[in-house]
Amino acid sequence: MDMDVEPVGVEPVNRKRGRGPLLWIAGVVVLAVVAAAVIWGVVGRQDAGGEASAAAGTPTVTTSEPSDEERMLAGIDAVLKARASAVLSGRLPQYLQAVDPKNRKLRQSHQQVFANLRMIGVRHLSFQRDARWAPEPRAQHGPSARTVRVLMLVQIAGIDSSPRAVSLGHTFAERGGQWLLVADDDLGIESELSGGYREPWDLGAIAVARKPGVLVIVPAAERRNGERLARESQAAMPGVRSVTRRAPAGILVIALADRQSMDPGWRTGGHPAAAVAAHNFSPANPEATEFMVTGSRVVINPGERREADRLLLAHEFTHAAMASLGNGAPTWLVEGYAEYGELRLAERSGYRRGVDAHRRELLREEIPRRTVLPIDGVFHGEYDENSYGVSWIIVEYLAEKYGLATVNALYADLARGDDDPAVREQVIRKHLKVTEAALVAALKKYDGPA
Ligand SMILES: [Zn+2]
């Protein structure tokens with residue numbers, strides 16, 4: 001598996017265009033590795049506690065005098081360590097101690113981030129300098145200034161099953177014998193792990209709303225919308241659990257007004273997605289050179305944040321529950337499953353007739369025209385199509401005919417595997433005992449749930 005490139009799951013349902021037609025945009029996250037930097041970083045890899053770290057298997061040399069580079073890296077690592085422990089223990093002065101005292105704007109923004117992280121509630125926080133990334137000179141901040149790539153590993157209490165990686169570019173400079181943080185936006189690398197969006201604690205004053213297993217982040221002035229979304233999230237949860245047979249530890253819902261909370265690349269059918277289940281990546285090894293998906297957070301389009309309801313959330317939560325199984329499942333199953341979770345809840349929320357009308361139309365207009373299952377590459381196009389609706393019908397048919405347990409096992413097996421057509425065909429045969437062609441033929445005879 002190529003861990004350098006990971007797709008970000010996107011879960012759109014656009015309410016303005018009516019039901020169904022949503023697209024799956026694969027925002028590609030590239031974990032850039034600068035090969036030339038490998039030697040550089042390893043040398044001074046000794047943290048403030050004096051604990052030699054054998055990154056990349058290179059022993060740390062301790063017999064000679066430390067070089068300038070080693071001293072610099074040790075100084076930066078000590079600052080990073082102090083800042084992480086300051087957040088965990090609630091000591092703002094310690095957090096700001098190494099932030100350039102002459103840069104008022106930078107200090108203010110870090111003070112806000114500190115307050116936000118404290119409000120969110122952090123169980124684990126650490127900053128890990130990327131030893132493979134060569135520190136880059138930044139002459140505009142003085143001769144000693146270097147930008148380093150830092151992984152922020154943050155685990156939200158009661159929500160995340162493990163620390164989520166956020167990529168940062170921090171610039172440090174030596175002033176009067178002390179290493180200071182002088183800029184935090186010098187490299188365009190902060191978005192590599194998260195796609196093109198900013199973390200919710202980076203976007204000004206926030207408020208949070210909590211329910212068991214749910215944390216909603218909203219702008220400071222929108223506390224009531226946060227409470228509403230927390231209630232809607234709770235209403236969505238039981239149905240999602242019964243469909244997916246999975247119970248994530250907790251889920252983070254982000255409903256900010258700032259457009260930067262969303263990746264502009266999250267588009268579907270020619271318009272921005274209403275919401276997205278964005279993967280949480282966690283390091284798969286101590287050096288953080290490989291990452292795995294450990295969950296998802298749900299990001300609501302700022303323009304939809306006041307309308308987003310339990311149905312939209314049920315769709316996204318279904319994706320979130322299935323995310324850590326892997327990326328190999330075909331899009332029709334990924335989206336069809338989420339639609340199935342959403343529309344089952346809709347039927348139980350007073351929309352039975354609407355759901356039935358939608359089903360009838362798809363069975364009459366769309367299913368007869370299909371000759372193959374929806375294809376990944378054209379699932380999300382520039383125009384609204386009925387890919388979502390058709391996928392929902394397929395999953396509903398499978399759940400009716402084979403039972404949800406079989407659909408679930410099929411999903412898990414496909415998700416784990418390659419997205420190779422031959423592999424998929426084999427897995428479908430194993431679970432459903434039919435070929436894809438026979439499945440499509442059987443769909444045409446489907447007449448809705450019994
Ligand atoms: Zn979706």
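Modeller: What follows starts with the whole chain, moves to the packing, and ends with a few single residues.

Bear in mind that this is a predicted model, where local features need pLDDT of at least 70 and side-chain atom pairs count only at pLDDT 80 or more, while totals for chains, interfaces and linings use all residues. Residues are numbered from 1 along each chain as its sequence is written, and side-chain values use heavy atoms, with hydrogens and water left out.

The protein chain has 13 helices and 14 strands (DSSP runs numbered from the N terminus: H or I of at least four residues for helices, E of at least two for strands). Of its 450 residues, 53% are buried (under 20% relative accessible area; exposed is over 50% and partly exposed is in between, with a 1.4 Å probe and protein chains only). Take the contacts (heavy atoms within 4.5 Å) between residues at least 6 apart in sequence: 70% of them join residues at least 24 apart.

Now for the cores. A nonpolar core here is a set of buried Ala, Val, Leu, Ile, Met, Phe, Trp, Tyr and Cys residues joined through side-chain atoms within 4.5 Å. The largest one holds 65 residues, and Ile300, Phe317, Trp332, Leu398 and Tyr411 have the most contacts inside it. Helix α10 (residues 387-402) gives the largest share of this core, nine residues. If you click on Trp332 and skip neighbours within four places in sequence, you'll find it in contact with Tyr337, Leu373, Pro374, Phe379, Ser391, Ile394, Val395, Leu398 and Ile428. Apart from that core lies another, of 51 residues, including Val79, Phe114, Phe172 and Ala173.

Next, the helix pairs. Axes are lines fitted to C-alpha atoms, for helices over the stretch in contact, and angles run from 0 to 180 degrees between N-to-C directions. Angles under 35 degrees count as roughly parallel, over 145 as roughly antiparallel, 65 to 115 as roughly perpendicular, and the rest as oblique.

Let's begin with helix α5 (residues 223-244) and helix α6 (residues 310-322), whose axes are 8 Å apart and pack at an angle of about 50°. The two are therefore oblique to each other. On the α5 side, Leu229, Glu232, Ser233, Ala235, Ala236, Met237, Val240 and Thr244 meet Arg310, Leu313, Ala314, Phe317, Thr318, Ala321 and Met322 of α6. Sorted by type, this contact has ten nonpolar, three polar and two charged residues (Ala, Val, Leu, Ile, Met, Phe, Trp, Tyr, Cys and Pro are nonpolar, Asp, Glu, Lys and Arg are charged, and the others, Gly among them, are polar).

Helix α11 (residues 404-416) and helix α12 (residues 421-432) have axes that come within 10 Å and cross at roughly 155°. That makes α11 roughly antiparallel to α12. The crossing of α11 past α12 is right-handed. Thr406, Ala409, Leu410, Asp413 and Leu414 of α11 meet Arg424, Val427, Ile428, Lys430, His431 and Leu432 of α12. Their contact divides into six nonpolar, two polar and three charged residues.

Then there are helix α2 (residues 68-89) and helix α4 (residues 104-120), with axes that come within 9 Å and cross at roughly 50°. That makes α2 oblique to α4, and their crossing is right-handed. Arg83, Ala86, Val87, Leu88 and Ser89 of α2 make the contact with His110, Phe114, Leu117 and Arg118 of α4.

Finally, some single residues. Glu396 sits in α10 and is buried, at 4% relative accessible area. Not counting residues up to four places away in sequence, Glu396 touches Tyr340, Arg359, Tyr446 and Pro449. Lys433 counts as exposed, at 67% relative accessibility, and has a positive phi of about 60° although it is not a glycine. Arg245, in the loop between α5 and β10 (251-254), also has a positive phi, near 55°. For background, most residues other than glycine have a negative phi.

Technical notes
Left-handed = near helix turned anticlockwise from the far one by under 90°.
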